[in-house]
Amino acid sequence: GIDDLFTEIRGIHKTLAEVIHSQALGTTPNITKEEMDKLSAMTSKTLTEVLAPYITDTKLVGVLTQLAGFAGTEPKKVSAVFFLAMWASYYLGGFHYFTGGSEALAESLASVIKDKGGVIRTGSQVTKITVENNLAKQVRTADGACYNAGYVISNANAPDTIENLVGADQFPADYVTKVKAMTPGLSAFVIYLGVDKDYRTEMNGVHEMIVSDEYDMAYSFKAITVEYVAYGDGID
């Protein structure tokens with residue numbers, strides 16, 4: 001089923017790319033009704049549901065779904081469209097980095113802000129976003145400073161932004177209820193480890209490796225979310 005699966009993924013990737021491109025231009029997507037119906041049907045499916053008709057080998061499923069960690073949840077829960085869009089971009093388009101790494105992008109954005117007369121304040125904890133007439137108007141920081149603004153963009157998570165920075169009373173009640181019912185996604189924990197050996201030859205040109213104890217991604221996610229409890233030498 002591998003060839004058929006890849007054909008399906010390429011088709012979905014092509015359709016999705018055309019839809020996104022047309023939305024950006026404000027035009028009608030150049031796709032058939034059949035292609036649109038297939039994409040629409042997939043939006044309600046999980047990755048596991050999409051793979052099932054093509055791949056039955058559990059080890060192969062484990063290999064194909066390794067990037068579920070990047071999507072934040074296990075294959076039986078993650079959106080098929082979300083995962084496959086990411087997966088296809090890697091495997092069909094390839095991996096790419098900005099020259100200078102992601103820091104170069106941050107520095108470029110910062111330079112534009114400064115060139116336009118903006119000021120960047122790091123290490124400044126925002127404690128309040130003031131709303132007037134349904135519009136965010138001001139940002140307050142922990143040191144007592146206030147900044148007026150025509151637009152406010154919060155990069156904090158939605159629950160904190162709603163309840164702690166803005167105030168739940170400023171949002172529609174059904175929206176607040178919906179956000180409160182959601183489960184927080186996985187956070188990223190990174191360790192930068194210095195070693196006294198050059199491993200580049202042993203990595204054989206590979207810049208990233210994912211190591212799993214099991215082929216079943218559900219096992220890994222349960223271990224991450226502490227749903228498994230260790231007893232002695234085993235995992236229950």
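**Entry 1: the hairpins**

I began at the hairpin of β1 and β2, which has two residues between the strands, and there asparagine 133 takes a positive phi near 55°. A note on my source: this is a predicted model, where local features need pLDDT of at least 70, side-chain atom pairs count only at pLDDT 80 or more, and totals for chains, interfaces and linings use all residues. Residues are numbered from 1 along each chain as its sequence is written, and side-chain values use heavy atoms, with hydrogens and water left out.

My labels for helices (H or I, at least four residues) and strands (E, at least two) are DSSP runs, numbered from the N terminus. I found asparagine 133 in the loop between β1 and β2, and its phi is a positive value in a residue other than glycine. Asparagine 134 has its place in that loop between β1 and β2 too, with phi near 70°, again positive in a residue other than glycine. I kept in mind that most residues other than glycine have a negative phi.

Are these two asparagines buried or exposed? Asparagine 133 has 75% relative accessibility, so it counts as exposed. Asparagine 134 is exposed as well, at 68%.

I then moved on to the hairpin of β2 and β3, which has four residues between the strands. There glycine 144 takes a positive phi near 95°.

**Entry 2: the sheet**

I looked up how the strands pair, where two strands pair if DSSP finds at least two bridges between them. The three strands form an open sheet in the order β1-β2-β3, with antiparallel pairing. Because β1 (126–132) and β3 (146–148) each have a single partner strand, they stand at the edges, and one side of each is left without a neighbour in the sheet. From one strand to the next, the twist averages 25°; I note that axes are lines fitted to C-alpha atoms, for helices over the stretch in contact, and that angles run from 0 to 180 degrees between N-to-C directions.

How many bridges join β1 and β2? I read six, in the antiparallel sense, with β2 covering residues 135–141. In β3, tyrosine 147 is the bridge partner of valine 139.

**Entry 3: α1 against α2**

Next I checked helix α1 (residues 2–25) and helix α2 (residues 33–42), whose axes come within 10 Å and cross at roughly 100°. The two helices are therefore roughly perpendicular to each other, on a scale where angles under 35 degrees count as roughly parallel, over 145 as roughly antiparallel, 65 to 115 as roughly perpendicular and the rest as oblique.

Which residues of α1 meet α2? On the α1 side I listed Glu8, Ile12, Lys14, Thr15, Leu16 and Val19, and on the α2 side Glu35, Met36, Lys38, Leu39 and Met42. The residues of this contact divide into six nonpolar, one polar and four charged. For those classes, Ala, Val, Leu, Ile, Met, Phe, Trp, Tyr, Cys and Pro count as nonpolar, Asp, Glu, Lys and Arg as charged, and the others, Gly among them, as polar.

**Entry 4: isoleucine 9**

I stayed with helix α1 for isoleucine 9. Isoleucine 9 is buried, with a relative accessible area of 6%. Leaving aside neighbours within four places in sequence, isoleucine 9 is in contact (heavy atoms within 4.5 Å) with Leu84, Trp87 and Ala88. Isoleucine 9 and alanine 88 are 79 residues apart in sequence, yet 7.1 Å apart in space, C-alpha to C-alpha.

**Entry 5: the aromatic rings**

I counted four aromatic pairs in the structure. Rings of Phe, Tyr and Trp (its six-membered ring) pair if their centres lie within 6.5 Å; planes under 30 degrees apart count as stacked, over 60 as edge-to-face and the rest as tilted.

Phenylalanine 70 and tyrosine 90 make an edge-to-face pair, 6.5 Å centre to centre with 85° between the planes. Phenylalanine 70 lies in helix α5 (residues 68–71) and tyrosine 90 in helix α6 (residues 80–93), so the pair ties together parts that are 20 residues apart in sequence. Phenylalanine 70 is partly exposed at 41% relative accessibility, and tyrosine 90 is partly exposed at 24%.

The rings of tryptophan 87 and tyrosine 91 have their centres 4.4 Å apart and their planes at 25°, so this pair is stacked. Tryptophan 87 and tyrosine 91 are four residues apart in helix α6, which means about one helical turn separates them. Tryptophan 87 is buried, at 5% relative accessibility.

Terms used. Buried means under 20% relative accessible area, exposed over 50%, partly exposed in between (1.4 Å probe, protein chains only).
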